[in-house]
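The following note sets out some points for a colleague who has the structure to hand. Please read them alongside the sequence and the coordinates.

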Amino acid sequence: MHDLSEDIRLPDGCPNCGSHRARVSQVKNPDDKVFCASCNTVIGLYGEVKERLIKAQPSETEQLLEKAANKKPS
Ligand SMILES: [Zn+2]
């Protein structure tokens with residue numbers, strides 16, 4: 001049985017092979033492990049990697065957060 005997973009782009013490369021592609025479970029729980037797509041090294045937990053993504057790409061992430069915020073009834 002295969003877990004459903006999704007590719008994400010790392011802001012910094014894999015510490016082992018330098019690849020910027022990683023995989024995380026589609027559920028994307030903050031405590032799900034993120035694996036390097038090339039060598040399967042554990043990069044870290046999704047919550048930590050997401051923090052680094054937000055810092056690396058603030059404008060893009062802000063847009064996504066704005067869209068999410070606009071969906072909330074006020
Ligand atoms: Zn790697």
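1. The loop between β3 and β4 (42-45) contains N40. In this predicted model, the phi of N40 is positive, at about 65°, although N40 is not a glycine. N40 has 12 other C-beta atoms within 10 Å, and a residue is classed as exposed if that count is 12 or fewer; N40 therefore counts as exposed.

2. K28 is found in the loop between β2 and β3 (33-36). Is K28 buried, exposed or partly exposed? With 14 other C-beta atoms within 10 Å, K28 is partly exposed. The limits that decide this are 12 or fewer for exposed and 20 or more for buried.

3. As to the overall composition, the protein chain comprises 2 helices and 4 strands. Read from the N terminus, the order of these elements is β-β-β-β-α-α.

4. How are the strands arranged in the sheet? The 4 strands make up an open sheet, in the order β1-β2-β3-β4, with antiparallel pairing. β1 and β4 each have a single partner strand and stand at the edges, so one side of each is left without a neighbour in the sheet. From one strand to the next, the twist averages 30°.

5. The pairing of β1 with β2 can be followed residue by residue. Strand β2 (residues 21-25) is joined to β1 by 5 bridges, and the two run antiparallel. Within this pairing, E6 stands opposite V24 in β2, while I8 has A22 as its bridge partner in β2. In a regular strand, side chains alternate between the two faces of the sheet.

6. The covering of β1 deserves a separate remark. Strand β1 (residues 5-9) is hardly covered, and of its 5 residues the number that count as buried is 0. β1 is also an edge strand with a single partner.

7. Two values describe the chain as a whole. Of the 74 residues of the protein chain, 12% count as buried. Among contacts in the protein chain with a separation of 6 or more, 17% are between residues 24 or more positions apart.

Conventions. Residues numbered from 1 in each chain as written. Predicted model: local features only at pLDDT ≥ 70, side-chain atom pairs only at ≥ 80, totals over all residues. Pairing = 2+ DSSP bridges. Contact = placed C-beta atoms within 7 Å. Axes fitted to C-alpha atoms, helices over the stretch in contact; angles between N-to-C directions.
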